[in-house]
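User: I have the sequence and the coordinates open. Take me through the main features, one question at a time.

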Amino acid sequence: MKSLLVMSGKGGVGKTTVAVNLSVALSKKYKVGLLDVDIHGPNVPKMLGLGGKTLQYANGRIMPVSYNKNLDVVSMAFLLEREDTPIVWRGPLKHKAIAQFLNDVEWEKRDFLVVDLPPGTGDEAISIAQLVKKPAEAIIVSTPQEVALLDVKKCIGFARSLNVKVLGLIENMSGDIFGSGNVKKVADNMHIPFLGSIPMDRKIAISGDTGKPIAEGGKGEFSKIVERVITLGGQENTD
Ligand SMILES: Nc1ncnc2c1ncn2[C@@H]1O[C@H](COP(=O)(O)OP(=O)(O)OP(=O)(O)O)[C@@H](O)[C@H]1O
Ligand SMILES: [Mg+2]
């Protein structure tokens, strides 16, 4: 099993959108686990149309929520009774929760574990990097704006400081509003693979809000990104 950590320097650049759609696209061919460790803002269930579902326990194990036969999901949101309940936890408690999400779920039989992280260089990313089974690689998402690019470089440095290899960069919200091409430039300058560019598209925003991932349609940007992830050695046979 290969772990793919979806990270970003800045918030709101589309990590969850990427994590969800990448997982859906991967699940067309592979067995995938999707772990939402954004404890303060767990958006994965909503974007997959799984809002209101809860985690079940059986024989001391956590049973993930199935999205389809190849994609299982675990999120803090499945433990909250109400969507608008805030979680007020410090680092050690978050670390414990993340350890349980990793250890008490049978992720092993999957080809990929995709992890959706909160933005920046916080506790969750440090915990995941320490606790996740190796090999783990980072997929870093950024918009093309200048302000975001500085944070990409910071995020690359952060991943490396955690001994997590950067698999590649993704440009999201590419187009007239934020520009395009800047993330590829950073990737080229830093000799990191560029995984692809996703346009700013109202359909993507709506698909997130309605819980109907755009990658279900196949053949889009996300399936191209998946091909690149696989070509770069993202897939490991677990048999
Ligand atoms: N390419 C896109 N085109 C249009 N809207 C998008 C695109 N990518 C993401 N969005 C929308 O932008 C918002 C933020 O995206 P998302 O929640 O995936 O970001 P995030 O990086 O996970 O945020 P956070 O840092 O809060 O976890 C969402 O409403 C999402 O639907
Ligand atoms: Mg998010």
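User: Which side chain of opposite charge is nearest to D36, and how far away is it?

Analyst: D36 is buried yet has no salt bridge. Buried means under 20% relative accessible area, exposed means over 50%, and partly exposed lies in between (1.4 Å probe, protein chains only). A salt bridge needs a side-chain nitrogen of Lys or Arg within 4 Å of a carboxyl oxygen of Asp or Glu; Lys and Arg count as positive, Asp and Glu as negative, and His and the chain ends are not counted. The nearest side chain of opposite charge is K15, at 9.9 Å.

User: Which pLDDT do local features need in this model?

Analyst: Residues are numbered from 1 along each chain as written, chains are lettered from A and ligands numbered from 1 in the order written, and side-chain values use heavy atoms, leaving out hydrogens and water. The model is predicted: totals for chains, interfaces and linings use all residues, side-chain atom pairs count only at pLDDT 80 or more, and local features need pLDDT of at least 70.

User: Which backbone nitrogens does the D36 side chain reach?

Analyst: D36 is in strand β2 (residues 32-36). Strands (E, at least two residues) and helices (H or I, at least four) are DSSP runs, numbered from the N terminus. A polar contact is a pair of N or O atoms within 3.5 Å; within protein, one must be able to donate a hydrogen and the other to accept it, and residues adjacent in sequence count only if both atoms are side-chain atoms. The D36 side chain reaches two backbone nitrogens: at 3.1 Å that of D38, and at 3.4 Å that of V44.

User: Is L34 buried or exposed?

Analyst: L34 also lies in strand β2. Among the residues it touches, beyond four places in sequence, are A19, L48, V73, W107 and V114; contact means heavy atoms within 4.5 Å. Its relative accessibility is 0%, so L34 counts as buried.

User: How many of the residues of β8 are buried?

Analyst: Strand β8 spans residues 136-142. One side carries A136, A138, I140 and S142, the other E137, I139 and V141, and both faces are covered.

User: Which strands pair with β8?

Analyst: Two strands pair if DSSP finds at least two bridges between them. V6 stands opposite I139 on one side, and I139 stands opposite G168 on the other. The partners run parallel to β8: through 5 bridges β1 (residues 2-7), and through 6 bridges β9 (residues 165-174).

User: What is the handedness of the crossover from β9 to β10?

Analyst: β9 and β10 pair in parallel over 5 bridges, with E171 opposite S197. The chain crosses from β9 through α6 to β10. A crossover is right-handed if, with the strands pointing away from the viewer, the path from the first strand over the helix to the second runs clockwise. By that rule this β-α-β crossover is right-handed.

User: How many residues apart are K28 and E216?

Analyst: K28 and E216 form a salt bridge, with closest N and O atoms 3.1 Å apart. K28 sits in the loop between α1 (15-26) and β2, E216 in the loop between α7 and α8, and their separation is 188 residues.

User: Which helices does the E124 and K94 pair tie together?

Analyst: The two side chains meet in a salt bridge at 3.3 Å, N to O. E124 is buried at 6% relative accessible area, and K94 is buried at 7%. The partners are 30 residues apart in sequence, so the pair ties together α4 and α3.

User: Which peptide bond is cis, and what is its omega?

Analyst: Most peptide bonds are trans. P135 lies in the loop between α4 (123-131) and β8. The cis bond runs from K134 to P135, with omega near 5°.

User: What is the phi of K219?

Analyst: K219 is in the loop between α7 (202-210) and α8 (221-234). K219 counts as exposed, because its relative accessibility is 81%. Most residues other than glycine have a negative phi. In K219 the phi is positive, near 60°.
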